[in-house]
Amino acid sequence: MANGSNVPAKIPALGGDASLNRYLSEVRKFPLLTPEQEYMLAKRYSEHKDQEAAAQLVTSHLRLVAKIAMGFRGYGLPVSDLISEGNVGLMQGVKKFEPERGFRLATYAMWWIRASIQEYVLRSWSLVKMGTTAAQKKLFFNLRRMKNNLDAFEDGDLSPEDVQKISTDLGVAEHEVVNMNRRMSMGGDASLNVSLSSEDGDGGQWQDILEDDGPLHDEAIAASQEADFRHDMLTEAMDSLNEREQHILAERRLSEDPKTLEDLSKVYDVSRERIRQIEVRAFEKLQKAMLRIAGEKQLLAAS
């Protein structure tokens, strides 16, 4: 596997998909690190370039890479290649990790792992040439999830209502949703029931490598910290709105019991259409602010 950093990662051999279950069994043998152990190892590497410390940081997070890579198996690419690309991202994350910032390596490295896998997927798919803008990449990596949420499982064209919903939520044109769905439907999804051959005769199915649905310890920490990160980013982005926009957007889209346009029209003594316009404008401003903030934070993390 290509190594984009100076980290001598002691990673078990990962050949084709036939040896994938053996690889997953091997990486589960590496111990998870306590926060104190992780901090000391990260300090040793950042201050002294201790290669053994870096290797321990890498191997303790190989399970996280595998779990993230499994989430991309529906794009028809070898899972072993997805994991290899994710491991490259993990090494880059370890190389740039700054323990003094106060968060866990899993939270930081997760961005590098996903970015590395996503870039590989985009390079590998035939529709890559049309997926160059941020909005198109967002559509590419979120379309399947949104179709599942809408119970739109079929490979055919989406209904006009589903197209409109996805278009609005992701901020892309409806024709882009239609075109992307058609291209992705041609690629097909990999079944979890496909048989795995094995060099030692231990056959099985893809689903056999998913031993449980519970989150890994380090992934649970990462998910919690990412949720905090997104909450802080949303709070910061809300400051870009004026008081009326904040209130209307919060009541319409952030409340567990959303207010109707009629309710808010009475509060501000304007028409329902005016409230709708303010809501749409506020949501667009919020999206732009969050994209800007996310970009700034990613640049900061990569610096």
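**A guided conversation**

Guide: The secondary structure of the protein chain comes to 13 helices and 2 strands, where helices (H or I, at least four residues) and strands (E, at least two) are DSSP runs, numbered from the N terminus. This is a predicted model, in which local features need pLDDT of at least 70 and side-chain atom pairs count only at pLDDT 80 or more, while totals for chains, interfaces and linings use all residues. Residues are numbered from 1 along each chain as its sequence is written, and side-chain values use heavy atoms, with hydrogens and water left out.

Visitor: What share of the residues is buried?
Guide: Of the 303 residues in the protein chain, 38% are buried. Buried means under 20% relative accessible area, exposed over 50%, and partly exposed in between (1.4 Å probe, protein chains only).

Visitor: At what angle do H11 and H12 pack?
Guide: Helix H11 (residues 243-254) packs with helix H12 (residues 261-268) at an angle of about 155 degrees, and their axes are 11 Å apart. H11 is therefore roughly antiparallel to H12. Angles under 35 degrees count as roughly parallel, over 145 as roughly antiparallel, 65 to 115 as roughly perpendicular and the rest as oblique.

Visitor: Which residues meet there?
Guide: Arg244, His247, Ile248, Glu251 and Arg252 in H11 meet Leu261, Leu264 and Tyr268 in H12; contact means heavy atoms within 4.5 Å.

Visitor: New topic: how many aromatic pairs are there?
Guide: The whole structure holds 4 aromatic pairs. Rings of Phe, Tyr and Trp (its six-membered ring) pair if their centres lie within 6.5 Å; planes under 30 degrees apart count as stacked, over 60 as edge-to-face and the rest as tilted. The ring centres of Phe103 and Tyr108 are 6.2 Å apart and their planes lie at 25 degrees, so this pair is stacked.

Visitor: Is Tyr108 buried or exposed?
Guide: Tyr108 is buried, with a relative accessible area of 8%, whereas Phe103 is partly exposed at 29%. Ring pairs also link Phe97, Phe103, Tyr108 and Trp112 into a cluster.

Visitor: Which loop holds Lys49?
Guide: Lys49 is in the loop between helix H2 (35-48) and helix H3 (51-59). Although Lys49 is not a glycine, its phi is positive, at about 55 degrees.

Visitor: And where does Asp269 lie?
Guide: Asp269 lies in the loop between H12 and helix H13 (272-302). Its phi is also positive, near 55 degrees, in a residue other than glycine. Asp269 is exposed, with a relative accessible area of 70%, while Lys49 is partly exposed at 47%.

Conventions
Axes are lines fitted to C-alpha atoms, for helices over the stretch in contact, and angles run from 0 to 180 degrees between N-to-C directions.
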